[in-house]
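Please walk me through this model.

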Amino acid sequence: MFKIITCLTLSMGLLLVADFVLAEDVYLDDKVMVGLHQDKSVDTPIIKLLPGGTKLELIKRDTPLSQVRDNDGAYGWIDNNYLTDTEPGRAQLQKSLDKITTLEAEIENLKSSPAAGDKMEEKQQTSDMEKENKELKQLLKSERLRVGELQAHWQDHRIRYLREL
């Protein structure tokens, strides 16, 4: 009897381990098609199939279905289980990807824009000119001092020369 219980316990344990090892991850597809019903019942005919992520105008919230209108103007009823107040992830992702593409294009335009390059070059030239102007002003001061010294020296020699005559 003990052997039978032990064998059964081991067999069940092996089955559980086998199921765990064979299990794999699966994901729900975001591409759901939802029926837009003619009347306020899932048993009524579907007048249109709407893809998941479609933006709808809520006309009347009710239980278990709500009346909505799509962008094409089609009115109907949809099961509330398919409605959410937030934009689905796939639509948000697409908006983000579109924005990234737009911003990358703007960056490239700014990088290659001659106006942007001209402005940077103009700023550099202005900076170089200001530096050169400062250096020239300093040189001018030095030369004025030198001229003053030379004039004083010349004046001294002139006075000496005139005395010698």
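The questions below go from the whole chain to single residues.

This is a predicted model, where local features need pLDDT of at least 70, side-chain atom pairs count only at pLDDT 80 or more, and totals for chains, interfaces and linings use all residues. Residues are numbered from 1 along each chain as its sequence is written, and side-chain values use heavy atoms, with hydrogens and water left out.

Q: Which pattern does the chain follow along the sequence?
A: Helices (H or I, at least four residues) and strands (E, at least two) are DSSP runs, numbered from the N terminus. The chain has 3 helices and 5 strands. Read in order, they give α-β-β-β-β-β-α-α.

Q: What percentage of the residues of the chain count as buried?
A: Buried means under 20% relative accessible area, exposed over 50%, and partly exposed in between (1.4 Å probe, protein chains only). The chain has 165 residues, and the buried share is 8%.

Q: Is Ser 66 buried or exposed?
A: Ser 66 lies in strand β4, residues 65–69. Its relative accessibility is 0%, so Ser 66 counts as buried.

Q: Which residue's side chain joins that of Ser 66 in a polar contact of 2.5 Å?
A: A polar contact is a pair of N or O atoms within 3.5 Å; within protein, one must be able to donate a hydrogen and the other to accept it, and residues adjacent in sequence count only if both atoms are side-chain atoms. A polar atom of the Ser 66 side chain lies 3.3 Å from the backbone nitrogen of Asp 62. The side-chain partner at 2.5 Å is Asn 80.

Q: Which residues is Gly 52 in contact with, leaving aside neighbours within four places in sequence?
A: Gly 52 sits in the loop between β2 (46–51) and β3 (57–60). At 27% relative accessibility, it counts as partly exposed. Contact means heavy atoms within 4.5 Å. Beyond the sequence neighbours, the partners of Gly 52 are Val 32 and Arg 90.

Q: What separates the C-alpha atoms of Gly 52 and Leu 83?
A: Along the chain, Gly 52 and Leu 83 are 31 residues apart. Leu 83 is also one of the residues in contact with Ser 66. The C-alpha separation of Gly 52 and Leu 83 is 9.7 Å.

Q: Is Ile 46 exposed or partly exposed?
A: Ile 46 is placed in strand β2. Its relative accessibility is 47%, so Ile 46 counts as partly exposed.
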